[in-house]
There are 4 protein chains.
Amino acid sequence: MTTATTSPSATPGPPRRKGELTAERILDAAETLFAEKGFEGTKLRDVAARVGLRNPSLYNHFASKEALYSAVLERDIRPVLDLLAKMVESQGELSSDDVIAGTMKALADHPNVARLVQHETLSGGAHLTGMLREFIAPVFSQANRAATMREVWPADQVPLVVLSLYNVVVGYFTAATLYREIQGEDLLSSEALERQTRFLIEFVNRLFREAPNRSPSDS
Amino acid sequence: MTTATTSPSATPGPPRRKGELTAERILDAAETLFAEKGFEGTKLRDVAARVGLRNPSLYNHFASKEALYSAVLERDIRPVLDLLAKMVESQGELSSDDVIAGTMKALADHPNVARLVQHETLSGGAHLTGMLREFIAPVFSQANRAATMREVWPADQVPLVVLSLYNVVVGYFTAATLYREIQGEDLLSSEALERQTRFLIEFVNRLFREAPNRSPSDS
Amino acid sequence: MTTATTSPSATPGPPRRKGELTAERILDAAETLFAEKGFEGTKLRDVAARVGLRNPSLYNHFASKEALYSAVLERDIRPVLDLLAKMVESQGELSSDDVIAGTMKALADHPNVARLVQHETLSGGAHLTGMLREFIAPVFSQANRAATMREVWPADQVPLVVLSLYNVVVGYFTAATLYREIQGEDLLSSEALERQTRFLIEFVNRLFREAPNRSPSDS
Amino acid sequence: MTTATTSPSATPGPPRRKGELTAERILDAAETLFAEKGFEGTKLRDVAARVGLRNPSLYNHFASKEALYSAVLERDIRPVLDLLAKMVESQGELSSDDVIAGTMKALADHPNVARLVQHETLSGGAHLTGMLREFIAPVFSQANRAATMREVWPADQVPLVVLSLYNVVVGYFTAATLYREIQGEDLLSSEALERQTRFLIEFVNRLFREAPNRSPSDS
DNA sequence: GATGAATGAGGATTCATTCAT
DNA sequence: AATGAATGAATCCTCATTCAT
């Protein structure tokens with residue numbers, strides 16, 4: 001009906017990457033819905049409808065709802081975690097400001113990532129496959145180490161600072177929808193995102209300031 | 001069965017109201033499940049099973065799944081919001097430390113509240129009745145006002161501080177389940193909660209500390 | 001709630017026929033609903049609500065929904081059939097006008113009877129217990145005999161005349177509800193019922209007129 | 001399974017539209033059951049079973065039980081009403097005998113129509129869509145006008161004659177099931193239907209015969 | 001006699017998934 | 001690659017009925 005692939009064998013140029021494109025569009029639609037309604041709340045029919053397909057067509061691209069969900073997580077969360085991992089590793093070369101700006105940029109490009117992660121967090125992360133889990137612990141560990149090095153917070157509170165920062169960053173995106181409805185402002189606009197980035201830098205600055213005489217040019 | 005009505009006709013103290021108790025237990029079970037799986041992910045059968053009932057019995061106490069969900073939100077969120085509203089109102093009399101400690105205590109008593117709210121936040125809050133919504137905006141407004149008075153943050157970032165604090169507080173409970181699984185520590189233990197409270201006080205302290213000559217001469 | 005039998009043992013006069021009255025009121029409510037919605041379409045809850053009772057209270061008066069339905073049929077149809085049977089038997093003494101007027105009066109007193117019978121007729125009469133069935137055949141037979149004696153209609157059409165008369169009489173009440181809604185007139189008002197009675201007399205008159213010279217004073 | 005698609009790929013004539021056929025068969029099954037048991041008394045499972053389907057498969061063809069019921073009414077009643085409307089309009093060209101014969105033929109082809117209409121009539125016609133309702137009033141009006149022109153019945157009784165005719169025609173089909181069980185004769189056999197048609201013609205004939213000096217000199 | 005609570009049976013509906021086309 | 005049709009499993013919900021109070 002919608003797709004009228006006239007002749008099945010004539011297009012010579014680009015070998016009809018229509019399939020890939022469709023899969024991508026399915027992922028996009030699924031990302032949006034999974035982010036809003038979670039796994040159980042998302043109906044494949046709605047995903048298909050967003051792409052202009054019927055329900056069963058999704059199975060030409062993904063083996064199951066679970067597979068689709070995993071693919072979304074993989075596609076969306078993986079890059080962010082990779083980025084974080086990279087930042088955390090080469091932490092010596094990057095100022096914390098750079099890390100913040102970089103993270104914010106990564107999340108701003110895929111605002112649904114934060115919401116997907118929140119859903120997983122709420123439900124205990126049953127879907128956070130091992131692959132992804134392996135990333136989280138290291139990231140937290142590294143962050144803990146970095147925070148410890150600042151020698152500002154007592155050891156037993158360092159993980160709480162890290163968790164707080166995590167929540168501030170993630171929560172910003174989580175709250176965006178409701179915030180707009182209640183406060184009337186779009187937290188995902190580029191201005192808002194820039195402001196939040198600036199804010200985060202100052203925010204972290206304050207959290208780790210003090211100590212002897214640590215100037216920002218210190219690290 | 002579960003309710004130990006000792007003697008069938010003698011209980012003089014509390015008038016036998018097995019019904020109310022059942023409703024309460026249903027709310028408890030529903031709270032737990034809604035908090036973990038969200039509205040769609042929660043099956044009424046599971047709720048009933050937790051109370052030792054069959055599925056249809058729930059309808060003797062709540063008209064529908066929606067009604068049950070609303071009742072849970074109402075019962076759980078309302079008191080917290082009331083508390084917040086009260087605190088925010090009598091802001092002059094309470095130190096910010098008291099507000100923090102009070103809020104933490106309220107949430108610690110009902111750790112699921114934060115998760116329920118997060119679910120609502122993610123899905124756009126379609127279930128947050130107007131009554132409840134009316135509370136949210138004022139609380140944020142008051143918090144904004146209070147934060148503004150500190151004259152620490154520029155006006156356009158005050159809401160971001162407030163939102164961040166909100167996310168830190170709520171996110172702490174949201175992350176508890178996953179945190180335990182990954183970090184092996186129970187954030188809901190009384191020690192952890194006390195630590196978090198202490199941390200939050202210092203946290204806020206730092207965020208609003210009188211700007212210690214923020215590096216005009218510094219950089 | 002509704003029934004406030006103040007003291008359980010004091011009323012000396014009439015030995016509290018409240019029970020009977022309740023049963024009667026239940027029958028009334030059930031009659032109305034069964035007539036409108038049929039057996040399956042009628043919910044005991046609705047019946048109870050009409051009497052100001054809760055669902056289970058009906059079981060203090062009737063053993064089951066089936067029993068209640070049978071009781072309604074019994075109470076309502078029986079007298080009409082009895083009347084018909086009596087009329088048909090003593091046909092020599094009654095003019096057809098009297099039979100018509102009598103039947104109409106009986107049905108007018110219980111306008112739901114016709115509708116109950118129609119429901120049974122439509123569904124094949126599974127509930128028309130033997131008792132009631134025994135009545136129908138004789139009534140039709142007698143009516144056939146009476147009609148045959150008029151020597152107006154050919155033998156093979158006599159049953160059709162009888163059936164038609166039956167349908168005219170019963171259908172009048174059946175159509176009342178819809179008729180009012182569409183034509184805006186209440187067929188059950190006393191004026192309408194009188195008019196219909198007069199009409200029926202003339203109607204029958206016409207159907208059986210002709211023949212030699214049968215005058216109304218003939219019989 | 002049920003549909004004998006002789007060869008799976010050869011049928012040249014009618015383009016394979018198994019779907020439409022299935023929908024048609026569902027309508028058939030639903031018609032039968034709705035006619036007998038009414039809306040509430042009909043279980044979708046039974047409808048599906050008659051077509052050799054499982055319950056949920058019906059939803060591939062009709063959105064809901066209500067939609068299925070409406071579709072049945074629409075499909076079945078509409079043509080009959082259209083026919084009546086047409087007849088009533090071109091009343092000048094058709095003898096009343098033709099109208100009677102035509103109506104009987106239409107109803108004989110779909111004997112369930114009368115029963116469906118009776119169910120609706122009994123329950124107040126909540127399901128008769130406005131579209132269909134619009135037809136009923138005109139048909140009655142036209143019939144009233146036609147009957148009035150005969151100048152046989154007094155004005156206030158004309159609607160009663162029309163209603164009676166309606167009841168005689170519809171009631172014949174309504175009573176068929178029970179009649180067979182009690183009288184042992186099938187009113188829907190072609191002989192019976194022909195006889196009834198003949199009867200109806202004579203019946204109407206008598207009802208509208210020029211008043212043969214109705215016994216002014218008679219009594 | 002009335003009712004709150006509980007429930008087995010069932011009924012409409014949804015949904016993920018399969019399969020033939 | 002897309003889809004109409006079919007379906008098993010499950011879900012929410014209704015209802016008649018029971019029972020203890």
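The questions and answers below concern the helices and chain contacts of a predicted model.

In this predicted model local features need pLDDT of at least 70 and side-chain atom pairs count only at pLDDT 80 or more, while totals for chains, interfaces and linings use all residues. Residues are numbered from 1 along each chain as its sequence is written, and chains are lettered from A and ligands numbered from 1 in the order in which they are written.

Reader: How many helices and strands does the secondary structure of chain A come to?
Author: Helices (H or I, at least four residues) and strands (E, at least two) are DSSP runs, numbered from the N terminus. Along the sequence, chain A reads α-α-α-α-α-α-α-α-α. Its secondary structure therefore comes, with these runs as defined, to 9 helices and 0 strands.

Reader: What percentage of the 219 residues in chain A is buried?
Author: A residue is buried if 20 or more other C-beta atoms, placed from the backbone, lie within 10 Å of its own, exposed if 12 or fewer, and partly exposed in between. For the 219 residues in chain A, the buried part is 36%.

Reader: Are helices α3 and α4 of chain D roughly parallel or roughly antiparallel to each other?
Author: Axes are lines fitted to C-alpha atoms, for helices over the stretch in contact, with angles from 0 to 180 degrees between N-to-C directions. The axes of α3 (residues 65-89) and α4 (residues 96-109) of chain D come within 10 Å and cross at roughly 170°. Angles under 35 degrees count as roughly parallel, over 145 as roughly antiparallel, 65 to 115 as roughly perpendicular and the rest as oblique. The two helices, α3(D) and α4(D), are therefore roughly antiparallel.

Reader: Which residues of α4(D) does α3(D) meet?
Author: Two residues are in contact if their C-beta atoms, placed from the backbone, lie within 7 Å. The residues of this contact divide into 7 nonpolar (Ala, Val, Leu, Ile, Met, Phe, Trp, Tyr, Cys and Pro), 2 polar (the others, Gly among them) and no charged (Asp, Glu, Lys and Arg). From α3(D), Val80(D), Leu83(D), Leu84(D) and Met87(D) meet, in α4(D), Val99(D), Gly102(D), Thr103(D), Ala106(D) and Leu107(D).

Reader: Which helix gives the most to the side of chain D that touches chain C?
Author: In this contact 41 residues of chain D face 40 residues of chain C. The side of chain D divides into 14 nonpolar, 17 polar and 10 charged residues. With 8 residues, the helix that gives the most is α7(D).

Reader: Which element supplies the largest share of the side of chain B that touches chain A?
Author: The contact takes 42 residues from chain B and 42 residues from chain A. The largest share of the chain B side, 8 residues, comes from α7(B).
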